[in-house]
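The following paragraphs walk through one chain, from its overall make-up to single residues. Keep the sequence and the model open while reading.

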Amino acid sequence: MHPVSLLLKEHQLIDRMIQLMKKELGKLRGQKKIDLSFLDTTIDFIGVYTDQYHHEKEEIFLKYFEFKKMSPDNRALMQEIEKEHDLCRKVVDRLRGLREQQNNGNPLALKDIIQNIEILVDFYPEHISNEEKKLFRLSGDYLQREEEVQLLNKFMEHDQEMLHKKYAVVVDEAEKKSKKI
Ligand SMILES: [Fe+2]
Ligand SMILES: [Fe+2]
């Protein structure tokens with residue numbers, strides 16, 4: 001498999017989630033209460049799948065171009081992509097914080113939750129489009145076949161480590177809770 005094919009496949013799943021978030025936003029605007037299970041799914045999907053699983057691999061991809069001679073336009077595109085990943089991380093951190101507030105019954109949280117989901121829904125489709133139409137094409141222009149093979153191996157290592165780290169945290173937290181009982 002080509003490393004870019006892997007990223008494209010992930011985009012399809014992210015796009016399905018973004019479409020769902022868009023649909024939920026429509027319902028949410030007229031309500032006073034949020035569907036907490038939907039919010040938890042969004043935080044988990046964007047925080048784990050999109051940020052840790054997908055963006056981290058794209059950042060490995062971006063590193064391959066660090067020392068290549070590239071046009072100012074391509075450099076600007078790469079910086080833009082990285083900035084948008086940072087924005088996504090900030091938004092999901094804010095959503096996690098707001099989820100806590102919602103737990104404590106803060107009435108302001110719903111408006112802020114809607115605003116943050118809107119940020120993601122607004123910029124993400126264009127983010128995906130820029131990557132597919134511009135960023136991923138750089139692979140064919142600048143990477144040697146051996147670099148692509150190496151990149152795919154790095155992606156595999158990343159995914160394996162990421163899953164292990166995620167569940168190490170789950171077990172740590174379960175152990176802490178179990179000690180309290
Ligand atoms: Fe991205
Ligand atoms: Fe992407």
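A residue is called buried if 20 or more other C-beta atoms lie within 10 Å of its own, exposed if 12 or fewer do, and partly exposed in between, with C-beta atoms placed from the backbone. Buried residues make up 18% of the 181 residues in the chain. The model is predicted: local features need pLDDT of at least 70 and side-chain atom pairs count only at pLDDT 80 or more, while totals for chains, interfaces and linings use all residues. Residues are numbered from 1 along each chain as its sequence is written, and chains are lettered from A and ligands numbered from 1 in the order in which they are written.

The secondary structure comes to 6 helices and 0 strands; here helices (H or I, at least four residues) and strands (E, at least two) are DSSP runs, numbered from the N terminus. Along the principal axes, the C-alpha atoms fill a box of roughly 55 × 40 × 25 Å. Two residues are in contact if their C-beta atoms, placed from the backbone, lie within 7 Å. Of the contacts in the chain with a separation of 6 or more, 85% are between residues 24 or more positions apart.

How do α1 and α4 pack, and at what angle? Helix α1 (residues 3–29) and helix α4 (residues 109–135) pack at about 150°, their axes 10 Å apart. That makes α1 roughly antiparallel to α4, since angles over 145 degrees count as roughly antiparallel, under 35 as roughly parallel, 65 to 115 as roughly perpendicular and the rest as oblique. Axes are lines fitted to C-alpha atoms, for helices over the stretch in contact, and angles run from 0 to 180 degrees between N-to-C directions. Residues of α1 in this contact include L8, I14 and L25, and those of α4 include I117, V121 and I128.

A nonpolar core is a set of buried Ala, Val, Leu, Ile, Met, Phe, Trp, Tyr and Cys residues joined through C-beta atoms within 7 Å. The largest has 16 residues, of which I46, C88, V91, V92, L95, I113 and L120 touch the most other members. Helices α1, α2 (36–63), α3 (72–103) and α4 each supply at least two residues of this core. Beyond its neighbours within four places in sequence, L95 is in contact with I43, I113 and N116.

S139 lies in helix α5 (residues 137–142). Is S139 buried or partly exposed? S139 is partly exposed, because 18 other C-beta atoms lie within 10 Å. Not counting residues up to four places away in sequence, S139 touches V4 and E148.
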